Amino acid sequence: MTTETLFLIPQKAGQAMVRIEFEGETLRVPDGISVAAALLSSSRGALRTSIVKGTPRAPYCMMGVCFECLVEIDGIPARQGCMTLVRDGMIIKRQSGAPSLDGLASGGKNGK
Amino acid sequence: MPEYARWTRDAVGQWGGFHQELLDRTGVDSGLVQKGGFWLGFSEEEVQKRADLLAKIDREAGGIPFRMMEASEIRQYLPDIGPKVVGGSWGAQDGMANPLFLLRALHSGLKKAGADIISGIDVAAIEHNAAKGRFTARSGDGQGWTSDRIVVAAGLGVGELASQVGIHAPTVTTRGQVLITERLKPFMDYPTNKARQTAEGSVQIGSTTEDVGLDDGTTVEKIEWLARRAVDTFPALANARLVRAWGALRPLTPDGYPIYQESGTCPGAFAVVCHSGVTLAAIHANVIGPWMGGLTDAPPDVVPFNGKRFLDKNARFVRDH
Ligand SMILES: Cc1cc2nc3c(=O)[nH]c(=O)nc-3n(C[C@H](O)[C@H](O)[C@H](O)COP(=O)(O)OP(=O)(O)OC[C@H]3O[C@@H](n4cnc5c(N)ncnc54)[C@H](O)[C@@H]3O)c2cc1C
Ligand code: FES
């Protein structure tokens, strides 16, 4: 199986680039694209695990409908990568399962 | 109507076995969780009214136990309720199921039993051949399906079709708007009257009860009201993202109670109108289905649910849904 990315973003001369951090690794990606596009074209594989069965998932619809592209962005969990544009200095992490709400008295006691 | 409370109580009692039967026959899990539920109130007055209502229902129907609780006691079960909740009731028989999986299980069970499910058809008329005792459901484009029995269970479409086989089954409707959050780690162990969390983690917030005819849209005003009420109930929800809002119409009768009826003039034709189709699913499958399908006699408990009650010109009807 190829490990090359199947997604290519055409590089234009003079294209402005930004640096984002994904799971501790710095990536240089074109400005003006979505987080999901940036990570797909950087071949970063699954971005989240599903909530019910914990299976790996990656962006699918790229238009805000399927919620397969959820990632943690700058500390905020479960953001839609396809609906968020990259920004210089952005810190992104994989989303593992469902997010827990802040300020729960139960402390998300049931959370796994 | 005490008969309705008893009918509901019996349906809830049969749900566990029904869930298991669906699972065994189809492998589809209806998502039934029956470990009780809470009604939560924001004022002492509201809580007292609730206590009076539940006492009356239990007195009239019997076997519908409940317990009133102070907020501090409720917090032992639902630690995340906010300070605006002053008290509420606990119903041991309350529960929840996933209506989409229920529908899928029913369809799958029917197909396995050899039934054909034909969808996407608008039935425009029912023809009755009295001499042969046969009914034909006729679609707008002229197709027909003929049988010696017909059950009109078309939700808000029942009234018009049932009248063609001599059944008076008036329908009215109220709209319910609902909000859905992103999927969250479980924090609500029990369903409440203001929000519940599904097995997959979404919190369903709702619903409204609005008299707006056939408009099933959503409104900013009600979405705001629902969101505010949910945050008053569970303050942590202020941080949750909403992913959907939707509106839908409840198929109701003028007094809110169901209609289950065989036609007096066209024997073999039946009508059903019911706004608690999920709660009552087990008794519909176990009692109503076999009766309307011709396997059993009319169950005596359904007599009060005849649509004739709406023919009384002097009667006035109120409903709380
Ligand atoms: C916001 C909201 C919350 C609810 N909460 C609950 C709850 O907590 N518990 C509960 O038990 N119930 C609840 N309900 C009610 C429940 O959804 C209904 O009782 C149930 O859907 C009724 O099922 P039904 O099959 O009788 O009618 P419907 O679900 O309305 O189905 C009727 C079907 O007939 C079709 N039809 C109509 N006319 C024709 C025609 N001429 N030809 C062919 N097909 C036709 C319609 O398209 C529809 O598919 C709620 C409803 C709403 C809106
Ligand atoms: S890829 Fe479908 S919502 Fe983002």
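Visitor: How many residues of chain A are in contact with how many residues of chain B?
Guide: This is a predicted model, and contact here means heavy atoms within 4.5 Å. On that cut-off, the side of chain A that touches chain B has 11 nonpolar, five polar and four charged residues. The counts in contact are 20 residues of chain A and 16 residues of chain B.

Visitor: What area is buried between chain A and chain B, and how many salt bridges are counted between them?
Guide: Carbon and sulfur atoms give 59% of the area buried between the two chains, which is about 1,500 Å² in total. Six residue pairs are in polar contact between chain A and chain B, both residues being at pLDDT 80 or more. A salt bridge would need a side-chain nitrogen of Lys or Arg within 4 Å of a carboxyl oxygen of Asp or Glu. Between chain A and chain B the count of such bridges is zero.

Visitor: How far apart are the C-alpha centres of domain 1 and domain 2 of chain B?
Guide: Chain B is divided into domain 1 (2-96) and domain 2 (172-252). Of these, 19 residues of domain 1 of chain B are in contact with 15 residues of domain 2 of chain B. The C-alpha centres of the two domains lie apart by 18 Å.

Visitor: Which three residues supply 34% of the area that domain 1 of chain B buries against domain 2 of chain B?
Guide: The area buried between domain 1 and domain 2 of chain B is about 1,500 Å², and carbon and sulfur atoms give 64% of it. On the side of domain 1 of chain B, the 34% share comes from three residues that supply more than any other three. They are F42(B), D80(B) and M96(B).

Visitor: Which residue forms a salt bridge with D232(B)?
Guide: Across the interface of domain 1 and domain 2 of chain B, the rule finds one salt bridge. The closest N and O atoms of the pair are 3.3 Å apart, and the cut-off is 4 Å. The partner of D232(B) is K84(B).

Visitor: Which element gives the largest share of the side of domain 1 of chain B that touches domain 2 of chain B?
Guide: Between these domains of chain B, seven residue pairs are in polar contact, both residues being at pLDDT 80 or more. By class, the touching side of domain 1 of chain B has 11 nonpolar, five polar and three charged residues. The largest share of that side, five residues, comes from strand 1 (residues 37-41) of chain B.

Visitor: At what distance does a backbone N or O atom of G277(B) lie from an oxygen atom of ligand 1?
Guide: Ligand 1 is surrounded by 19 residues, and G277(B) is one of the closest, with V123(B), H275(B), V278(B) and T279(B). For a backbone N or O atom of C274(B), the distance to an oxygen atom of ligand 1 is 3.0 Å. For V278(B) the corresponding distance is 2.9 Å. For G277(B) the distance is 2.8 Å.

Definitions and conventions. Residues numbered from 1 in each chain as written. Chains lettered and ligands numbered in written order. Predicted model: local features only at pLDDT ≥ 70, side-chain atom pairs only at ≥ 80, totals over all residues. Heavy atoms only, no water. Domains from an automatic or database assignment. Buried area = accessible area lost by both parts, 1.4 Å probe. Polar contact = N/O pair within 3.5 Å; in protein donor to acceptor, adjacent residues only side chain to side chain. Helix = DSSP H or I, 4+ residues; strand = E, 2+ residues; numbered from the N terminus. Nonpolar A, V, L, I, M, F, W, Y, C, P; charged D, E, K, R; others polar. Near = heavy atom within 4 Å.
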